[in-house]
Amino acid sequence: MGARHTKRKKRGPQEGSLYKRTRALRDGTRETYWHGEVYLGRGQDGRKRILRHSAKSREEVLAWLTRANADRLRGMLAEPARETVGQFLDRWLRDSVTPSVKSRTLDSYTTIINRHLVPGLGDVLLRKLTPGHIQALYAKKLAEGLSPRTVHRIHAVLHRALAQAVKWGQVLRNDADAVDRPKAARKEMKTLTPEEARQFLESSREDRFHALYVLAVSTGMRQGELLGLTWSDVDLDAGRLVVRRQLQWNRQAKQYELTETKTGRARSVSLTRQAADALRAQRKRQAEERLALGEAWQDARSLVFTTQVGTPVGHNTLLRWSFYPLMARAGVPRIRFHDLRHTCATLLLAAGEHPKIVQELLGHASVTLTLDTYSHVLPSMREAAASRMEALLDGTKVKRPGD
């Protein structure tokens, strides 16, 4: 069952070719489709190098020819190389990703590529990669027991890499766009009630990280932001601090480093009285530890929260030796550390705080993200708004949250 060629439609020099083809189908009928080609010259082996695209619609192929010729004239379409997907991903990591992302993101991309993409697609020529290759990889990963969320991360990395291949003129389209990716289920959010939050903070009062937990609940700061907080960013007299950096582990350098925040922007945070008092006690405790150790004190960054010898506190170390034991001792539900951030936002929204204020406090990129993340709080907010409107129209006293 082959394709029958018809006379090509004449086009100008260097415009590419556009013509019809027909092919026999299994049921004995024939179908007509359109085929386009762009000639890129001859390679070192003397063979012609041609890019091809077929579709049922003449308009689609004509649009493809227009884009391909425009890219060719701008020098964006090079001779199709014998580069494999694995070789391209390695080059993409080295030349595009490494200079532009944080070390933690680079580690994540490298792990996904080495563990999933290279074994599954590495030997396929980049120019011959199809949506079918990608779809089969996702199906295989799900069959192996990977969660849809993990496969979604694999898709995100591959899609970004292929988008760069399009920009570099190595492929004309991002084949990951044509794939059905599994929907990533959102992690279940668990929060503490106001009573549980007070109980947890009271139980942590004698812990060396008491001030850290007070900040986590009252400001919604991320764990890395708390562990990367420096005393130069804290103004206790004004009752404010500035979140500028976060503490991250650099796997390649094998050391902790201070990097910019997740959004890349600093934000100012007002402190509650409890948070300011806890930070004063923390500063006093740290000064006593530094004085006792003398030259053995190792804090070169002036971090607010350190180990007993002044070194940065590891994320897992905090969880294992302080956070989880404290939760058990306080008798509150076991939650993730990040859920303290969710607790902060949920309590503020439920108390009637404006979502824009909560967005700025948490450092979200937009208020839409805040509202989408905490949509479970919205029903009670709508009910409260309706009650206030009813009171306004009745001429009675407006009851506000907390009254």
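**Salt bridges**

I started with Arg-267 and Glu-225, and both are buried; buried here means under 20% relative accessible area, exposed means over 50%, and partly exposed is in between (1.4 Å probe, protein chains only). This is a predicted model, where local features need pLDDT of at least 70 and side-chain atom pairs count only at pLDDT 80 or more, while totals for chains, interfaces and linings use all residues. Residues are numbered from 1 along each chain as its sequence is written, and side-chain values use heavy atoms, with hydrogens and water left out.

Arg-267 and Glu-225 form a salt bridge, with the closest N and O atoms 2.8 Å apart. Arg-267 sits in strand E9 (residues 267-270) and Glu-225 in helix H8 (residues 223-227), so this pair ties together parts that are 42 residues apart in sequence. For the record, a salt bridge is a side-chain nitrogen of Lys or Arg within 4 Å of a carboxyl oxygen of Asp or Glu. Helices (H or I, at least four residues) and strands (E, at least two) are DSSP runs, numbered from the N terminus.

How many salt bridges does the structure hold? I get 17.

Next I looked up Glu-31, which forms a salt bridge with Lys-56, the closest N and O atoms being 4.0 Å apart. That pair links distant parts of the chain: Glu-31 is in strand E3, and Lys-56 is in the loop between strand E4 (48-55) and helix H1 (58-73), 25 residues apart. Glu-31 is buried, at 18% relative accessible area, whereas Lys-56 is exposed, at 64%.

Lys-141 also pairs up, forming a salt bridge with Glu-144 at 3.7 Å between the closest N and O atoms. Lys-141 counts as buried at 8% relative accessibility, and Glu-144 is partly exposed at 47%.

**A buried Asp with no salt bridge**

Asp-299 is in the loop between helix H9 (273-293) and helix H10 (315-330). Asp-299 is buried yet has no salt bridge, and the nearest side chain of opposite charge, Arg-290, is 4.9 Å away. On charges, Lys and Arg count as positive and Asp and Glu as negative; His and the chain ends are not counted.

What lies around the side chain of Asp-299? I found the backbone nitrogen of Arg-301 at 3.1 Å from one of its polar atoms. The backbone nitrogen of Leu-303 is 2.9 Å from a polar atom of the Asp-299 side chain. Leaving out residues up to four places away in sequence, Asp-299 touches Thr-306, Val-309 and Gly-310; contact means heavy atoms within 4.5 Å.

Trp-34 is in strand E3 (residues 30-42). Is Trp-34 buried or exposed? Buried, with a relative accessible area of 15%. Residues that Trp-34 touches, not counting those up to four places away in sequence, include Leu-18, Tyr-19, His-53, Lys-56 and Val-61. I also checked Glu-60: its C-alpha atom is 8.8 Å from that of Trp-34, and the two are 26 residues apart along the chain.

Thr-261 lies in the loop between E8 and E9 and is buried, with a relative accessible area of 1%. Beyond its neighbours within four places in sequence, Thr-261 is in contact with Lys-102, Glu-225, Val-243, Arg-244, Arg-245 and Gln-246.

Among the buried residues of H3 are Leu-106, Tyr-109, Ile-113 and His-116. The buried residues of H3 pack against helix H2 (85-97), helix H4 (131-143), helix H5 (148-167), strand E7 (245-250) and strand E8 (255-260).

In helix H7 (residues 210-219), 9 of the 10 residues are buried, so H7 is largely enclosed by the rest of the structure. Just after H7, Gly-220 takes a positive phi of about 75°.

**Whole-chain tally**

I count 14 helices and 9 strands in the chain. Of its 403 residues, 42% count as buried. Among contacts with a separation of 6 or more, residues 24 or more positions apart account for 56%.

Definitions and conventions: Polar contact = N/O pair within 3.5 Å; in protein donor to acceptor, adjacent residues only side chain to side chain.
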